[in-house]
Amino acid sequence: MKLFLKWAVSLLIAAFFVWLSFRQWPVGDLLCDEVTLTGGALTCRAGTGQVSWAVNLLWLLPAFGVLSLVHFLRVLRWGPLLKPLASFDFSTLNRVGAVSFFAVFTLPLRLGEFARPFLISQTGKLRKSAAFGTIAVERVMDGLMMALVLALVLFLLPGSNTATYLSLRAGALVALAVFSGALGMLIIAYFNKTFAVKVVGVVFGLLSARLAEKLSGIMAAFIDGMKAMPSWRNFAQFVLLTALYWGVNGFYYYCVAAAFGMAEHVGLAGSFAMMSAVAVGMMIPNSPANVGSFWYFLLLPVSLFGAAGGGANPMAFALTVWALMMLQYSLFAGYFLVTGKVSL
């Protein structure tokens, strides 16, 4: 019943965001009456002969290459956080990361976040609860960085008086406040482990002494997982790799925008705005494979540029950004699942 309810809620979230996305953009124009392929450019025309959308397929090759680089940077940046707890070679991190990133993207309500701690614990070197501590540090840093990027690039985007712009700015400020608070809580928990564990015990002890004891143990191990933070050298490496990871990620959106002839409309600032809007949006409880919510948050900054290519071009662009990411996650995870290196 719990599993059924989780999937039911996630499907409702998907339906809601699909409705929001399709309400704003001409989805019906995605269907083509005539398709032509000339010099790598695929053009979709409606019955009137008007171009509905067009994509230069050659630009999708470097876009996929950038996605692959993003994957490896994401794998590498976990290493400095794990190093004070246990040593893992790149092959292990890549195997665990590939399957876990696929799970995070495809499973609903952020259930995929459990995959990485579970898989890394199978090595016998680290407990799941300790691994969760490193994941928490990642998520807080990602949230802070993306909220900051979104807040900064909004100053470079048009439409400063529109409702969309104001909602994006409000969302960026709320996300910044939430993740700043989360960072503060993590720092307090790290420097005063006894106090944090005691608070958990007292609060949940009001419900059940057995539950409080169990959660206190989990909290203690969770804080141990954050012991990666105090090594300033490791933490500096993590921050640097995180900045590089997100910096490269923004160029992926730019490559796909160029494929659809939208790069001149949105530029690099718009590309990073789209990336950060998606990243912040995906931190809420998600639908299966982020259907609907991914497109909606991606297209919010695009709407500030007007048509940005005309017709169904923006919607085709959003679907392609999502589909390429889905393909990359599936191929990388599929290799380890099909070969049996990771048990399904």
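Tyrosine 252, when its neighbours within four places in sequence are left aside, is in contact with Ala63, Val66, Leu67, Thr320, Val321, Leu324 and Met325. The model described here is a predicted one, and in it Tyr252 is among the residues with the most contacts inside the largest nonpolar core, together with Tyr253, Phe294 and Phe317.

**The core and burial**
- The largest nonpolar core has 98 residues, and 50% of the 344 residues of the protein count as buried.
- In soluble globular proteins, nonpolar side chains tend to be buried together.

- Valine 18 has its place in helix H1, which covers residues 2-24, and, apart from neighbours within four places in sequence, valine 18 is in contact with Val291, Gly292 and Trp295.
- Although valine 18 and tryptophan 295 are 277 residues apart in sequence, their C-alpha atoms are 7.9 Å apart in space.

**Overall form**
- The protein has 12 helices and 3 strands.
- Its radius of gyration is 22 Å, close to the 20 Å that the globule rule gives for 344 residues, so the protein is as compact as a globular protein of that length.
- Taken along the principal axes, the box filled by the C-alpha atoms is roughly 70 × 50 × 45 Å.

How values were computed. Residues numbered from 1 in each chain as written. Predicted model: local features only at pLDDT ≥ 70, side-chain atom pairs only at ≥ 80, totals over all residues. Heavy atoms only, no water. Core = buried A, V, L, I, M, F, W, Y, C linked by side-chain atoms within 4.5 Å. Buried < 20%, exposed > 50% of the residue type's maximum accessible area, 1.4 Å probe, protein only. Contact = heavy atoms within 4.5 Å. Helix = DSSP H or I, 4+ residues; strand = E, 2+ residues; numbered from the N terminus. Rg over C-alpha atoms; globule rule 2.2 N^0.38 Å.
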